[in-house]
Amino acid sequence: MTREYLQRLYGDRVRVQYDDVADLQAFERHKARLAKAASGYRIYPLVFINDDLVSAGNAEAYQVLRQVQRYLEVTGQD
């Protein structure tokens, strides 16, 4: 749902990717990104925008939408 909602709002400016880091290959792909989250804050799901951790423990659609909106405003892409 989150992916489709963000695509409708932002088109190609936003790409949503879900990875289960319990899968060894996904973990290896994201190892550097995961290291940015302090071990005490690795409450899954983790939500990253580019390489910035913006949420831990919650990937509810409206929370992710707010984070994306803030990111686009700050980067001047809104």
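**Exercise 1. Find the element that holds glutamine 67, decide whether this residue is buried or exposed, and list its contacts.**

Glutamine 67 is part of helix 4, where helices (H or I, at least four residues) and strands (E, at least two) are DSSP runs numbered from the N terminus. The structure is a predicted model, in which local features need pLDDT of at least 70 and side-chain atom pairs count only at pLDDT 80 or more, while totals for chains, interfaces and linings use all residues. Residues are numbered from 1 along each chain as its sequence is written, and side-chain values use heavy atoms, with hydrogens and water left out.

The next step is accessibility, for which buried means under 20% relative accessible area, exposed over 50%, and partly exposed in between (1.4 Å probe, protein chains only). Glutamine 67 has 16% relative accessibility and therefore counts as buried. Finally, contact means heavy atoms within 4.5 Å, and, when residues up to four places away in sequence are not counted, glutamine 67 touches Ile49 and Val54.

**Exercise 2. Describe how helix 1 and helix 4 pack, and state which residues make the contact.**

Two packed helices are described by the angle between their axes and the distance between the axes. Axes here are lines fitted to C-alpha atoms, for helices over the stretch in contact, and angles run from 0 to 180 degrees between N-to-C directions. Helix 1 (residues 2-10) and helix 4 (residues 61-74) pack at an angle of about 35 degrees, and their axes are 10 Å apart.

On the side of helix 1 the contact is made by Thr2, Tyr5, Leu6, Leu9 and Tyr10, and on the side of helix 4 by Ala61, Tyr62, Val64, Leu65, Val68, Gln69 and Leu72. Sorted by class, these residues are ten nonpolar, two polar and no charged, given that Ala, Val, Leu, Ile, Met, Phe, Trp, Tyr, Cys and Pro count as nonpolar, Asp, Glu, Lys and Arg as charged, and the others, Gly among them, as polar.

**Exercise 3. Compare the placement and accessibility of histidine 30 and glutamine 77.**

Histidine 30 sits in the loop between helix 2 (24-29) and helix 3, and, because its relative accessible area is 12%, histidine 30 is buried. Not counting residues up to four places away in sequence, histidine 30 touches Gln17 and Asp19.

Glutamine 77, by contrast, belongs to the segment after helix 4, and its 34% relative accessibility is why glutamine 77 counts as partly exposed. Leaving aside neighbours within four places in sequence, glutamine 77 is in contact with Arg13, Tyr71 and Leu72. Glutamine 77 and glycine 57 are 20 residues apart in sequence, and their C-alpha atoms are 27 Å apart in space.

**Exercise 4. Locate aspartate 20 and glutamine 25, and say whether each is buried or exposed.**

Aspartate 20 lies in the loop between helix 1 and helix 2, and with a relative accessible area of 53% aspartate 20 is exposed. From aspartate 20 to aspartate 52 there are 32 residues in sequence and 18 Å in space, C-alpha to C-alpha.

Glutamine 25 is found within helix 2, and at 59% relative accessibility glutamine 25 also counts as exposed. Glutamine 25 and alanine 59 are 34 residues apart in sequence and, C-alpha to C-alpha, 22 Å apart in space.
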